[in-house]
Amino acid sequence: VAVACGQFFDSLGRRVHSPTDERLIAIQLDQLRRARCSIAVAAGEDKVIPLLAAIRGKYCNTVVTDDKTAEKILKAAK
C-alpha cells in the first residue's frame with residue numbers, strides 16, 4: 001500500500017519484495033527502522049492507509065500531516 005525509499009510495504013508495514021529491488025540504491029527499510037530520526041510527510045485522505053502502514057512498520061518516528069488526516073489515522077488505527 002505504500003513506498004518508502006523505493007521499497008514497497010503492505011498495510012501492516014511488512015516489506016513486499018519487488019523485481020526492482022536488485023537495482024535499487026537506497027537505505028534499506030530495516031536500517032530506516034533503526035535511524036535516530038525518520039520523518040513521514042503526507043496529507044490527504046488517500047495518504048491515511050500509507051501513513052498508518054509506515055507507522056505500523058516503524059519506518060518513521062515522526063509524522064507531519066494535517067489535522068484531518070491525523071484524525072483519520074487515529075480512527076483507522078483502532
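Me: Which residues form a nonpolar patch on the surface, and about how much accessible area do they have together?
Reply: In this predicted model, the patch lies on the surface and is nonpolar. Its members are Val3, Phe8 and Val16. Together their accessible area comes to about 230 Å².

Me: Does phenylalanine 8 count as buried, partly exposed or exposed, and what is its relative accessibility?
Reply: Phenylalanine 8 has its place in strand β2, which covers residues 7–9. A residue is buried under 20% relative accessible area and exposed over 50%. Phenylalanine 8 therefore counts as partly exposed, with a relative accessibility of 36%.

Me: Which two residues make up the aromatic pair, and what is the pair called from the angle of its planes?
Reply: The structure holds one aromatic pair. The ring centres of phenylalanine 9 and tyrosine 59 are 4.7 Å apart. Because their planes stand at 50°, the pair formed by phenylalanine 9 and tyrosine 59 is tilted.

Me: How many residues apart in sequence are the parts that this pair ties together?
Reply: Phenylalanine 9 is buried, as is tyrosine 59. Phenylalanine 9 belongs to strand β2, whereas tyrosine 59 sits in the loop between α2 (48–56) and β5 (62–64). The pair therefore ties together parts whose separation in sequence is 50 residues.

Me: What pattern does the protein follow along the sequence?
Reply: The secondary structure of the protein consists of three helices and five strands. Read along the sequence, these elements give the pattern β-β-β-α-β-α-β-α.

Me: Where is aspartate 67 found, and is it buried or exposed?
Reply: Aspartate 67 is in helix α3, residues 67–77. From C-alpha to C-alpha, aspartate 67 is 9.7 Å from glycine 44, and the two are 23 residues apart in sequence. With a relative accessible area of 54%, aspartate 67 is exposed.

Me: What radius of gyration does the protein have, and why does it agree with a compact globule?
Reply: The C-alpha atoms fill a box of roughly 35 × 25 × 20 Å along the principal axes. A compact globule with 78 residues would have a radius of gyration near 12 Å. The protein agrees with this because its own value is 12 Å.

Me: What percentage of the residues count as buried?
Reply: The protein exposes about 5400 Å², of which carbon and sulfur atoms supply 57%. Among its 78 residues, the share that counts as buried is 29%.

How values were computed:
Residues are numbered from 1 along each chain as its sequence is written. This is a predicted model: local features need pLDDT of at least 70, side-chain atom pairs count only at pLDDT 80 or more; totals for chains, interfaces and linings use all residues. Side-chain values use heavy atoms; hydrogens and water are left out. Patches are made of residues with over 30% relative accessible area and no salt bridge: like charges are joined within 9 Å, nonpolar side chains (Val, Leu, Ile, Met, Phe, Trp, Tyr) within 5 Å. Accessible areas come from the Shrake-Rupley method with a 1.4 Å probe; for residues, only the protein chains shown count as cover. A salt bridge is a side-chain nitrogen of Lys or Arg within 4 Å of a carboxyl oxygen of Asp or Glu. Helices (H or I, at least four residues) and strands (E, at least two) are DSSP runs, numbered from the N terminus. Buried means under 20% relative accessible area, exposed over 50%, partly exposed in between (1.4 Å probe, protein chains only). The radius of gyration is taken over C-alpha atoms; the globule rule is 2.2 Å times the number of residues to the power 0.38. Rings of Phe, Tyr and Trp (its six-membered ring) pair if their centres lie within 6.5 Å; planes under 30 degrees apart count as stacked, over 60 as edge-to-face and the rest as tilted.
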